[in-house]
Amino acid sequence: MPFAIPDTLKNEYEEYLTLLPLRKFAKTHKEAKIPVSKGRPVLIQGIEDFANTNPANLEIVESWIDDSVCCGKKDVYLRDLADDSIDKLRDNTYLEEKFSEKIKTHRHISGNTYNESLTVCNYRHIDSSAGTVLRVILCKMINTFDREGYECSRLYPIIANIYIDRNLIEIRVKPKANIFLYRELNRNHEDDEQHISTSSEKQATEALGSLCEWLEIKIETNVFRLNEMNKRRIYHLLESCIDIPDEIETVLDNCSDEFSRILSYFTQHIKSLTDADSAAFIDDIRTIFEKYIAITRTDFSIFIQNKRMYPVRLIASDADTSKVDQTSAGKKPLQSRPIFYNNKSMIYNNKRCDGIQFYVKKDENISASQDYFLTVKSMKGYCILSWNLYIDEDEVDYVLLRIIDLYG
């Protein structure tokens, strides 16, 4: 039977194989003679024809599909592992034994049949700047609705990356609304009460549990502690992406004598302050000056020069449960908005952020994907990342490693 890309993956509305990876395949494999400028149907047919020419080309296409499914529009769930002894995951013999009853004979996403049970398609070790990573590609079936509103069955690939040198596990799933546990369809006897709703979050957490059980590894379970750690990590990510431009810093430094005079007037004529309160007073005055120097500018490019990513939305809460949800309009940096400075002291003193949304510029030297929005948040013990469109592996690595580097 000739090879065909699974329907789920080549369905335009599922957004697994968009024009970006299809055209990239055609450009990389010129021997396939696939016209790059054509639409999706021609590109897909060309790739299938190339796969059907010989076994070597089939392996190229099936491996490309596996890699492509790891990219794209995803929600990523990061969780700390409790084990200090996950070195066993470097051993292929150990992995083969643990996966023996769960792994497909045909070690690709394509070319297999699936049901409601999660199964392993393949696994491999990857060398990365974060150390050795065990990547496991899993898949199962789910039910959803097609564009016409009919219930249909779809593949649901799930990607797991275990960062062995960082004691960290990542579960990567496609965000999807209106998904249900898989059941065989009978359109002549549809019964809405048989629909058992699920979500991409549930699928991610259940996959995490299954994988930990199969591999005999444990996750950290203290959710409060994990949330606090993640909020500090997110704050440090913010700190690494936002700073006071030298031009404004120079103006503020030149005003230091004026700040001291304002403090002196306050303590002499209004109320005396402790040394700690005096230092906080100076910081607040400096922030007020910074605020009006920044927001009255007509050119905000000073805040994003030489930055591939910068924050446009920030959510944080302090020890007194005060909460701030700051959003800049469109792609404007937070430093162009008054509300950022109104809450800067709370954020920087607390050194925690519940979540940030970044605008990320693509690296034009290595990526053909579009600029995009990246959201990072702490929830239920996970550090969760999501982005709003298909991005390729280079971009996925860039945003993930920015976070993973904060795990030590």
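**Helices, pockets and one buried glutamine**

Mentor: Helix 13 has 12 residues and reaches 16 Å from its first C-alpha to its last, close to the 16 Å expected at 1.5 Å a residue. Keep in mind that this is a predicted model.

Trainee: How do you know that the span of helix 4 agrees with its number of residues?

Mentor: Helix 4 has 16 residues, and at 1.5 Å a residue these should span 22 Å. The end C-alpha atoms are 23 Å apart, so the two values agree.

Trainee: Which residues of helix 4 are called buried?

Mentor: Buried means under 20% relative accessible area. In helix 4 the buried residues are Asn 57, Val 61, Glu 62, Trp 64, Ile 65, Asp 66, Ser 68, Val 69 and Cys 70. Helix 13 has its own buried residues, including Glu 395, Val 396, Tyr 398 and Val 399.

Trainee: What is found at the start of helix 4?

Mentor: A side-chain oxygen of Asn 54 reaches to within 3.1 Å of the backbone nitrogen of Ala 56. After helix 4 comes Gly 72, with a positive phi near 85 degrees.

Trainee: Why is Gln 335 called buried?

Mentor: Its relative accessibility is 3%. The cut-off is under 20%, so Gln 335 counts as buried. Gln 335 sits in the loop between strand 9 (323–327) and helix 11 (338–342).

Trainee: What does the side chain of Gln 335 reach?

Mentor: The side chain of Gln 335 reaches the backbone oxygen of Asp 243, at 2.5 Å. Leaving out residues up to four places away in sequence, Gln 335 also touches Ile 242, Ile 244, Pro 245 and Phe 340, among others.

Trainee: Which residues lie nearest the centre of the largest pocket?

Mentor: They are Asp 67, Cys 71, Arg 135, Glu 393 and Asp 397, out of 25 lining residues. Helix 4 and helix 13 are among the elements that give two or more residues to this lining. Helix 2 gives the most, with 5 residues. The volume of the largest pocket is about 470 Å³.

Trainee: How do the lining residues of the largest pocket divide?

Mentor: There are 11 nonpolar, 5 polar and 9 charged residues.

Trainee: What volume does the second largest pocket have?

Mentor: About 240 Å³. It is lined by 14 residues, and those closest to its centre are Ala 4, Ile 5, Pro 6, Gly 111 and Asn 112. By class, this lining has 9 nonpolar, 4 polar and 1 charged residues.

Key
Residues are numbered from 1 along each chain as its sequence is written. This is a predicted model: local features need pLDDT of at least 70, side-chain atom pairs count only at pLDDT 80 or more; totals for chains, interfaces and linings use all residues. Side-chain values use heavy atoms; hydrogens and water are left out. On a 1 Å grid over the protein atoms alone, a cavity is a set of points where a 1.4 Å probe fits but cannot get out, and a pocket is an open set with protein on both sides within 12 Å along at least five of seven lines; lining residues have an atom within 4 Å of a point. Grid points are joined across faces, edges and corners, and a volume is the space filled by probe spheres set on the points. Helices (H or I, at least four residues) and strands (E, at least two) are DSSP runs, numbered from the N terminus. Ala, Val, Leu, Ile, Met, Phe, Trp, Tyr, Cys and Pro count as nonpolar, Asp, Glu, Lys and Arg as charged, and the others, Gly among them, as polar. Buried means under 20% relative accessible area, exposed over 50%, partly exposed in between (1.4 Å probe, protein chains only). A polar contact is a pair of N or O atoms within 3.5 Å; within protein, one must be able to donate a hydrogen and the other to accept it, and residues adjacent in sequence count only if both atoms are side-chain atoms. Contact means heavy atoms within 4.5 Å. The expected span of a helix is 1.5 Å times one less than its number of residues.
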